[in-house]
Amino acid sequence: MVSSEVPTRRQMSPDEELERAMADYLRVSRGAHLYASEDEHLRAEQAAWDRLIAARDLVETAGAAS
């Protein structure tokens, strides 16, 4: 039987999510030359930054709960 579900990435721990968000932010930040315009790069960088802050907040919340 074939599954019709869309494959997704495995669930990451809050620490893994933070590490991934940091790496992604640095890639976007350093890769300005890969974007068609400065505006597109700024939007991508802001989205990556927002994700990094959300991941950091998740780690802090998880730490406070334990």
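Visitor: Where in the fold is aspartate 57?
Guide: Aspartate 57 is in helix H2. Helices are DSSP runs of H or I with at least four residues, strands are runs of E with at least two, and numbering starts from the N terminus. This is a predicted model: local features need pLDDT of at least 70, side-chain atom pairs count only at pLDDT 80 or more, and totals for chains, interfaces and linings use all residues. Residues are numbered from 1 along each chain as its sequence is written, and side-chain values use heavy atoms, with hydrogens and water left out.

Visitor: Why is aspartate 57 called partly exposed?
Guide: Its relative accessibility is 33%. Buried means under 20% relative accessible area, exposed means over 50%, and partly exposed is in between (1.4 Å probe, protein chains only). Aspartate 57 therefore counts as partly exposed.

Visitor: How many residues separate aspartate 57 from proline 14 in sequence, and what is the distance in space?
Guide: They are 43 residues apart in sequence. Their C-alpha atoms are 9.3 Å apart.

Visitor: Why does aspartate 24 count as buried?
Guide: Aspartate 24 belongs to helix H1. It has 17% relative accessibility, so it counts as buried. Its C-alpha is 6.7 Å from that of alanine 48, a residue 24 places away along the chain.

Visitor: What makes the pairing of aspartate 24 with arginine 51 a polar contact?
Guide: Their side chains come to 2.5 Å. A polar contact is a pair of N or O atoms within 3.5 Å; within protein, one must be able to donate a hydrogen and the other to accept it, and residues adjacent in sequence count only if both atoms are side-chain atoms. The side chains of glutamine 46 and aspartate 50 also make a polar contact, at 2.8 Å.

Visitor: Why are glutamine 46 and methionine 22 called partly exposed?
Guide: Glutamine 46, in helix H2, has a relative accessible area of 43%, so it is partly exposed. Methionine 22, in helix H1, has 42% and is therefore partly exposed. Methionine 22 and leucine 52 are 30 residues apart in sequence, with 6.0 Å between their C-alpha atoms.

Visitor: Why are H1 and H2 called roughly antiparallel?
Guide: They pack at about 160 degrees, with axes 8 Å apart. Axes are lines fitted to C-alpha atoms, for helices over the stretch in contact, and angles run from 0 to 180 degrees between N-to-C directions. Under 35 degrees counts as roughly parallel, over 145 as roughly antiparallel, 65 to 115 as roughly perpendicular, and the rest as oblique. H1 and H2 are therefore roughly antiparallel.

Visitor: Which residues of H1 and H2 meet?
Guide: From H1 they include Leu18, Ala21 and Tyr25, and from H2 they include Ala48, Leu52 and Ala55. Contact means heavy atoms within 4.5 Å. Leaving aside neighbours within four places in sequence, alanine 55 is in contact with Glu17, Leu18 and Ala21.

Visitor: Which residues make up the largest nonpolar core?
Guide: Seven do: Leu18, Ala21, Tyr25, Val28, Ala48, Leu52 and Ala55. H1 (14-30) and H2 (38-65) are the elements that give two or more residues. H1 supplies the largest share, four residues. A nonpolar core is a set of buried Ala, Val, Leu, Ile, Met, Phe, Trp, Tyr and Cys residues joined through side-chain atoms within 4.5 Å.

Visitor: How many helices and strands does the protein chain have, and what percentage of its residues is buried?
Guide: The protein chain has two helices and zero strands. Of its 66 residues, 20% count as buried.
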